[in-house]
Amino acid sequence: MKWTQSLIPTLREAPADAEIPSHQLLLRAGLIRKLAGGVYTFLPLGLRSLRKIERIIREEMDRAGALEVAMPALQPPEIWEASGRAQTAGDVLFKLKDSSGRQWFLSPTAEEVITTLAANEINSYRQLPKNFYQISVKFRDEIRPRFGLMRAKEFIMKDAYSFDTTDESAMASYQKMFDAHKRIFARCGLQSFPVEADTGVIGGSHSHEFMIPAATGENEVAYCEACGYAANIEKATSGIPKTAAREIGAAIEKFPTPGVVTIEALAKEPYKVAANRQIKTLVYIADSKAILILVRGDDQLNETKLMARTGAVAARPATADECFATLGAKPGSLGAVANVPADVKVFADERLRGANDMTTGANEDGFHLKNVSIERDIKVTQWFDLRTVSAGEPCVKCAKPLKIRRAIEVGHVFKLGTKYSEKLNATFLDADGARKPSVMGCYGIGVTRTLQAIVEQSNDKDGIIWPLAVAPYTVCITPLGVAPGSPAMTLAEKIYTELTARGVDVILDDRDDRPGVKFKDADLVGFPLRISIGEKSLAKGEVELKPRNAPLQAIKAEDAVEAVMKLVGA
RNA sequence: CGGGGCGUAGCGUAGCUUGGUAGCGCGCUUGCUUGGGGUGCAAGAGGUCGUGAGUUCAAAUCUCACCGCCCCGACCA
């Protein structure tokens, strides 16, 4: 490709609405343009990288035995009603009507479609296991599109779905996909790491996310450098000890705390009740019903755990009015010792089990209770792990201190079990003559997000640094004069032709611009290799080979093609 | 949806407080110049100041509504 024949609209300055480096660079290097919030056009350069990522994905999925299919983006609501997700995932669904008034959903994912297919086409254990995948545009009515391609309303996703006869076989399919994902990200030049994850609205029992460490990531990951434990903060647990039991305290005592509505205030003079000796009482509205949650004063509730443990589909903190209606007091004086209505469930964090000598709200504004023993004085409906781990807590596996860092989620593998196959009748006749539901798994990669994650992970002050495998062009040839027939241009075209013939992606910067402009643009776009051809070095029979991430080296003009071939490993 | 901020040329921005001629840098066009890290000079083109209403002799500027965009939170590949 000749530069002047492509469209590479580089920008000196980043558009004001781009916040993070990768988003700015994708815009500045002329790879993408925004059409609307969360909706982007891929320009020629951006599309080339995208296609290379897709190709890697296809190769690895095929290698893992998955079968490529193409499912419709337009999906009938009935299958979503059947799976139950019309309600649970309703908020992200783009809904539209055709001219006859019939409703359709735009596909945010395809469990329902593939399970329907399996229900119709798979009848025998002899046909299993099977794994289907596709790479296609997905639509999600994201509450808040963000950071360019990172969270978009329309994006490209690879989604794969496995069907197995048994749990053990399903775990093997899961492991295959887990390994394939790992290889895909490695081949894209990404440093990824898998973490244990919550299963969310997709459901299922077992799940890992593939994370790319990045300060701008939307996820927090707790990990242990000693033993390798790693989990999304939404899922992570730690080996932190339970609250120490003390000598049996005296009877409960109510004491006035006028104006005290925070843990911190109660921890200060004149009360001096340490946060770890307080019980924090939270009122949540879970699926329209009030529930109470108890965590230690110095702990934070983990809402994802709350939803996962209680099975709630939607949960939010109660408003002050709702708290008052439930317990007769406002936030700041809430407690679970007295005045808890019989139909309000009380969920307590495991760390509080056995705790005594605790202080909590009295359900009377301006009063707290002390000498509370949680098992004696509070009717706990159920105990769960509900707290959020923090850095420095002992690892659950090896007790070394955990660390926490931010990361970008680029892939997610789930073991689904029979949730969908049962609801959508994806059953098969087993060797024993029994009809059984297939055991499923699903495996996603955010392809457009992966593209941006690569840029986020690999850039410097001058621009993008593309890994070889996913660069829009591998080599940029930069003649410093472009007059037709000039020595530099003639050699540039010769090298261009030879490299192209040998299967290397080359772009020839034939713009009649000053060298500085061309160098800056080549760095900004981030081509892995640049060959500069100018009169000075040409006088010595040399050209310059400049890897994007390594020092420049002068080489004999006639060695240029071989030198490139060696570096691209072809 | 709750909270915060912003909409002026392709990009970045000044002007708005205190109403009166829309300005700058980059980019673009033309000519000359320069020619190994965003060359210099000159001449140009490009704007219904997000949209609508209101106040006023007069609105980019003040008021209201709407739309769009960005950031923090809930969502997630």
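I take helices (H or I, at least four residues) and strands (E, at least two) as DSSP runs numbered from the N terminus, and on that basis I count 16 helices and 31 strands in chain A. I note that this is a predicted model, in which local features need pLDDT of at least 70 and side-chain atom pairs count only at pLDDT 80 or more, while totals for chains, interfaces and linings use all residues. Residues are numbered from 1 along each chain as its sequence is written, chains are lettered from A in the order in which they are written, and side-chain values use heavy atoms, without hydrogens and water.

**Whole chain.** I looked up burial (under 20% relative accessible area, 1.4 Å probe, protein chains only) and found that 51% of the 570 residues of chain A count as buried. The C-alpha atoms of chain A fill a box of roughly 100 × 70 × 50 Å along the principal axes.

**Helix H12.** I find 10 of the 11 residues of H12 (residues 447-457) buried, so this helix is largely enclosed by the rest of the structure; among the buried ones are Arg-449, Leu-451 and Glu-456.

**H13 and H16.** I then turned to H13 (residues 487-501) and H16 (residues 560-568), which pack at an angle of about 40° with their axes 10 Å apart, the axes being lines fitted to C-alpha atoms over the stretch in contact and the angles running from 0 to 180 degrees between N-to-C directions. In contact terms (heavy atoms within 4.5 Å), Ile-495, Glu-498 and Leu-499 of H13 meet Ala-560, Val-561, Val-564 and Met-565 of H16.

Key: Buried < 20%, exposed > 50% of the residue type's maximum accessible area, 1.4 Å probe, protein only.
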